[in-house]
Amino acid sequence: MSALMTPDPAFSVRVPEGDAMPRKVCDHCGFVAYENPKIVVGSVVRSEGRILLCRRAIEPRRGYWTIPAGYMELNETPEAGAMREAREEAGASIAIERLLAIYSVPRISQVQLIFRAELSDPAVAAGVETLELRFFAWDEIPWADLAFPSVHWALNHERAAEGGAPPVPFGNPEGAAGDRMPDGRPLPVGDF
């Protein structure tokens with residue numbers, strides 16, 4: 001093998017030095033292949049007292065109703081991701097009000113950040129991941145046909161928020177993106 005060629009990676013599961021958890025570690029170079037939860041972002045979108053739901057055109061749970069939500073992309077804020085998902089799934093322009101809920105779904109390694117939002121523009125259209133969309137009054141929501149438990153949770157939490165529940169959970173301070181310490185010092189490149 002020439003100096004320019006490297007062997008195909010071969011990983012074994014072991015606890016790397018300085019860690020406490022078993023990880024996939026490359027047997028040749030020691031690279032640790034960390035596997036982390038996926039972050040889902042979405043929103044409960046309201047317009048004129050009704051809630052926007054999308055009928056899924058994709059698996060899992062094709063044909064069931066959901067809020068506009070999906071995986072966050074790299075280099076994207078949660079708010080920008082929720083706004084993108086609303087555009088992609090419902091052609092909807094939304095104004096994020098606040099973080100409604102943080103859900104943990106350990107069985108599929110997901111953390112879901114769900115926002116409260118208002119429709120900014122009345123024009124909506126089903127995207128490629130959506131069979132149809134509709135605005136539902138509370139008593140019209142097709143509860144038996146909702147796609148996921150977290151959709152139930154989000155709708156019920158939205159109802160509680162609409163009724164005056166305290167505005168929790170908290171999020172980043174205004175304008176903070178996690179790239180500076182509270183005293184204003186920038187973090188060194190590569191630090192988390």
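## Strand pairing and an enclosed cavity in a predicted chain

In strand S3, valine 32 is the bridge partner of valine 25, where strands are DSSP runs of E with at least two residues, numbered from the N terminus, and two strands count as paired if DSSP finds at least two bridges between them. The model is a predicted one, in which local features need pLDDT of at least 70 and side-chain atom pairs count only at pLDDT 80 or more, whereas totals for chains, interfaces and linings use all residues. Residues are numbered from 1 along each chain as its sequence is written, and side-chain values use heavy atoms, with hydrogens and water left out.

Strand S2 (residues 23-26) is joined to S3 by 2 bridges, and these strands run antiparallel. They belong to an open sheet of 3 strands in the order S1-S2-S3, with antiparallel pairing; its edge strands, S1 (11-14) and S3 (32-33), each pair on one side only.

The chain as a whole contains 2 helices and 10 strands, the helices being DSSP runs of H or I with at least four residues. From the N terminus on, the order of elements is β-β-β-β-β-β-β-α-β-β-β-α. Of its 192 residues, 33% are buried, that is, under 20% relative accessible area with a 1.4 Å probe and protein chains only.

Strand S9 (residues 110-119) is largely enclosed by the rest of the structure, because 8 of its 10 residues are buried. Its two pairings are set out below.

| Strand paired with S9 | Sense | Bridges | Residue and its partner in S9 |
|---|---|---|---|
| S4 (residues 38-47) | parallel | 9 bridges | valine 41, leucine 113 |

The space in the largest cavity is about 30 Å³, with the volume taken as the space filled by probe spheres set on the points, which are joined across faces, edges and corners. Cys54, Arg56, Ile58, Thr66, Glu89, Glu129 and Thr130 line this cavity, lining residues being those with an atom within 4 Å of a point.

Methods. 1 Å grid on protein atoms, 1.4 Å probe; cavity = no way out; pocket = protein on both sides within 12 Å on 5 of 7 lines; lining within 4 Å. Buried < 20%, exposed > 50% of the residue type's maximum accessible area, 1.4 Å probe, protein only.
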